[in-house]
Amino acid sequence: MLSLQILINGILLGGLYSCIAVGFSLVWGVLNIINILHGSMIVLGAYAAFFAYSQLGIHPFAFIPIAGLSLFILGYGLQAKIINRVMGAPVLITLTLTFGLNLILDNMMMVAFKADYRKIILDPPLGLLELGSLLIPIDRLYAMVLALGLVGCLYAILRATQIGRAIVAVRMDRDAAALMGVKVKQIYAVTFATGAFMAGAAGCLMSVIFPISPLTSNAFLGKAFVVCVLGGLGSMPGVILGGILLGLLESFGTLWLGPDFSTTIAFVVLLTLLMFRPTGLLGKRGFE
Amino acid sequence: MNALFCSKPAHIVVAVLFLLAFLFFPWVANNYLLRIGTTMLMYSALALSWNFIGGFAGYPSFATAAFFGLGAYVGGILQNKGIPAPLAWLLAGLLVTIFAVVIGRIILHLKGHYFAIASLVIGDVLREIINGMTSLTGGGMGLNLAAQKMGVTEQAQFFYFSMLTVAGLALVTTVLLDRSRLGFGLRCIEQNEDAAVRIGINTDRFKTAAFMLSSTFVGMAGAVYVSWTGYIDPGEAFEVLISVKPIVMTLLGGAGTILGPVYGAFLFLLLEETVWRNFLNIHSGILGLLVVLLILFLPRGILNTNLWSVVEAHARVLRTYFRLLPRFQGINLWAWVVRIIRNIRHQS
Amino acid sequence: MRTQIKNLLRHALQGLMLTTAVVSTSVIAQESVLVGAPLPLTGPLSPEGTKLQRGYDLWVEEVNKAGGIAVGNKKLPVKIIYYDYQSNTPKAVQLAEKLVIDDKVNFLFSPFGSGATKAASAVSEKYGVPTLAPTASSVEVYDRGYKNLFGTFTPNDSLTEPLADLVKSGAPEVKRVAILSRNDLYPLALGQDFEKSAKKRGIEVVYFDKYPIGALDHASAITQIRSSKPDWIVVTGYINDLILIRKQLGDQKVRPVVLTMINGPVYQEFIDATGPLSNNVTTATWWHPAARYTSQDLFKSSENYTKLFKAKYKDDPDFTNATGSAVGVLLQLAIERAGSLDRDKVRASLAAGNFKTFFGPLSFSPEGYANSYIPPIIQVQNGRSAVLYPKAIKSGDFRLGLD
């Protein structure tokens, strides 16, 4: 019974982790950029949801499209005006650029919101689902379902719409896509913006579950990293698999080694995977 | 490109002046400036070390924090057991180098982003391990060293010279590397690793050597640091900024050059000190802005960029802009500016 | 040629900047009492740093309004020199040294938290500067035999012992306790003291583990706690950890007879973020606005302090604000009693103790920590804090169980 509860904990947590990581994976897979801003964008989305709920009474789950859209615009601007200038530059250049941008965004949020922790308390609370002695918090369940739904939508968009196919084409072969008439720079901007959208949406979900402050952005980023490497880049199912795997690793790690080593387990697995299969479980070869 | 030790006597004179300035600095500076100087030397050592693997070989390593923290803890623990400080520092450097060889085995076959992440994660894993070994390292409660028995000023000078030695060793190693076959091989690897293999360079061995070199002085610097401040805890020993700052400094000064990291360290810390003093609340934002500007406008670093050509390029843009304004057509000042700049460029 | 010019220009620029730096650190003549206070104004500890600063600022304002500190037969105004050590402990140590050497402060206030206080105390001892520690409670901080460190907090077991007593007498059915601590100096030390206090009273410790700093999820640890069926749960950590853990305890329907969390519940931020889940959570703290001490210091009494704080900042003071002001009044009383700014005299005056402050009566052990008052036990009841102990300021009865 204990193990089963831990299993459920892990899966629910994993869903949240997938949600955090999907935007990050998209940007990394298609643009080959490690977007250090990702954690801060999640926090920004979370703050937007918090203020929308406390000042205007809009439910965070309903606020997802709005938060997503605002971050979409922000992301589009960032990519089109700034990051597009260094596309094709070595890894270090783009990494350092997003690092610098992240410092700016983080500082702005600190000044605007202070470091106090905020959390949305839903009124009325969503409560628990009880299956025998197993307990499933409903807010986490909804968050996980919504997260999977968002990932699924993204997957569908990438496969079915024209702009989605263009994104996949750019990812597979940039030059060939350009030859086919795809406006590569614009696609870059759209992809980054989509990653930002997903970050904003994730933020709305996180605000219900975690206490939020600009100080939590690095924690989210760290998880996104691990999920992407575990699941593999350029693959939406990979993100889900990676997320759930990480959730399970941490939960069972707590059971076997105690909570203080649960994060270490994740890192050790990450390192092992990097050694033998850097593209992750479901990743496609080609991007380094 | 690396003008320092060419045969021109002017450069040697400048180099000697530099050295004298560094050596005599402690006697003209008060303790606070001495502390800034020591920090600058420490970061120079870190940047020079990163330059081996990141600048010469082109591998974006984020392992600097791991080496630094490990060196700090080894140095601290040895000193607490009674080993005199300088010996502890050397041993720390040695141990960290061995560690680098082992880790290099594991991660050096990765490339690009994967290598970057792996090297970053090493630091995290080390931190968690050290956090858990509470009886040896103090865990989350930190490691405290017994207070130094020296007088105030002597202590400041002692640590200044210690860091100067570490940084000096790193610099000398850079110079030697630059002129050696190893350095040449690393530059080949940076440009095109497959081609380097084909012309007969043993890339594995060279990369491992670069990675080792990038760890030794960092480990020593970490050990000196813990003696200097008397306290270290896992969060601060392995902080990610310890990996990031040397990278930014080296990029600023020019990766793959000899003095680039030193210039970059100096300039960056000067900027940081000025910004921190004057913009308390937003200093990290301003630092971020500086990093962004650096990447956008000076991506190859100061020593690698022909600065006048950058200025000329921007002046050219302004010239075109002003050409479009009718009333400035007769008197296009910017055309003049561009002409002047071009003259300066072609003269030197 | 160009490189040479570049080098020379660069060094000229550096020289200029260094000279500016030297000139700008001007020496302030001894027309005021200078106190150095390194604070974490940015970085993860910035909320706490800001709270301390508020406490300091209130004291400085009130002191200078009254003309200053009475040193012998004249009054000198007070000036606190702040530096931000960015939540980085080694930087705090270096800034402490800078304050002593360059800014030539007379006295120091320690940086925030047990770790940084301990590290910086080496500087104080080296230069013989009496240093007041507003936020250091773990006895490990004071175990180096230093003579210059004086702390306003009583040791951790002064929190754990009264709580254990309260549980033993008020909830005798409690037989099993589970302890979850953050893997950090103060929370872990506190957790270990809880273990000792519980065992002393025959309460069985069925679970004791630590979670890493920056943990985002505690569900599995809580599942394990649930399976060990404790009657009393103790959680230590910082406010974000406690908010999350409280929520996840609720998610798994963990409802012990007594839930104790330190330090979050004393802050309004915790109550806001947990909402109805904060009900009946117990905690202990070194000072509370409900305190009723009368004092010899310029605030005259705890109530007056609370009033003045509210007038300036529009919020009730919490214990971090109060301890900031407390080290101020403590220093002031010690200087006034010694009649001079001489460090040895002030140190002796501090060591003699027996100060009646709004924070409580302050006297110090030979090691330097306060041992003269009882920290109140608080319970959150319907969104408000009720004091359960000591009897003199009690404002509510101990309630058992969680909803």
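A: In this predicted model, strand β1 of chain C covers residues 33-39 and pairs with β4(C) in the parallel sense, over seven bridges. Within this pairing, A37(C) lies opposite Y82(C) of β4(C).

Helix α2 of chain C, residues 46-65, packs on the sheet and touches both β1 and β4 of chain C. The direction of helix α2 makes about 165° with that of β4(C). Helix α3 of chain C, residues 89-101, lies across β1, β4 and β5 of chain C, where β5 is residues 107-109. Helix α3 runs at about 165° to β1(C).

The sheet that holds these strands is open and has five strands, in the order β4-β1-β5-β6-β7 of chain C, with parallel pairing. Its edges are β4 (78-84) and β7 (149-151) of chain C; each has a single partner strand, so one side of each is left without a neighbour in the sheet. On average, neighbouring strands of this sheet are turned by 25° against each other, direction ignored.

The sheet is one part of chain C, which has twelve helices and 16 strands. For 403 residues, a compact globule would have a radius of gyration near 22 Å, and the 23 Å of chain C agrees with this. The C-alpha trace of chain C spans about 75 × 65 × 40 Å along its principal axes. Of the 403 residues of chain C, 59% count as buried. Among contacts in chain C between residues at least 6 apart in sequence, 67% join residues at least 24 apart.

How values were computed: Residues are numbered from 1 along each chain as its sequence is written. Chains are lettered from A and ligands numbered from 1 in the order in which they are written. This is a predicted model: local features need pLDDT of at least 70, side-chain atom pairs count only at pLDDT 80 or more; totals for chains, interfaces and linings use all residues. Two strands pair if DSSP finds at least two bridges between them. Helices (H or I, at least four residues) and strands (E, at least two) are DSSP runs, numbered from the N terminus. Axes are lines fitted to C-alpha atoms, for helices over the stretch in contact, and angles run from 0 to 180 degrees between N-to-C directions. Two residues are in contact if their C-beta atoms, placed from the backbone, lie within 7 Å. The radius of gyration is taken over C-alpha atoms; the globule rule is 2.2 Å times the number of residues to the power 0.38. A residue is buried if 20 or more other C-beta atoms lie within 10 Å of its own, exposed if 12 or fewer, and partly exposed in between; C-beta atoms are placed from the backbone.
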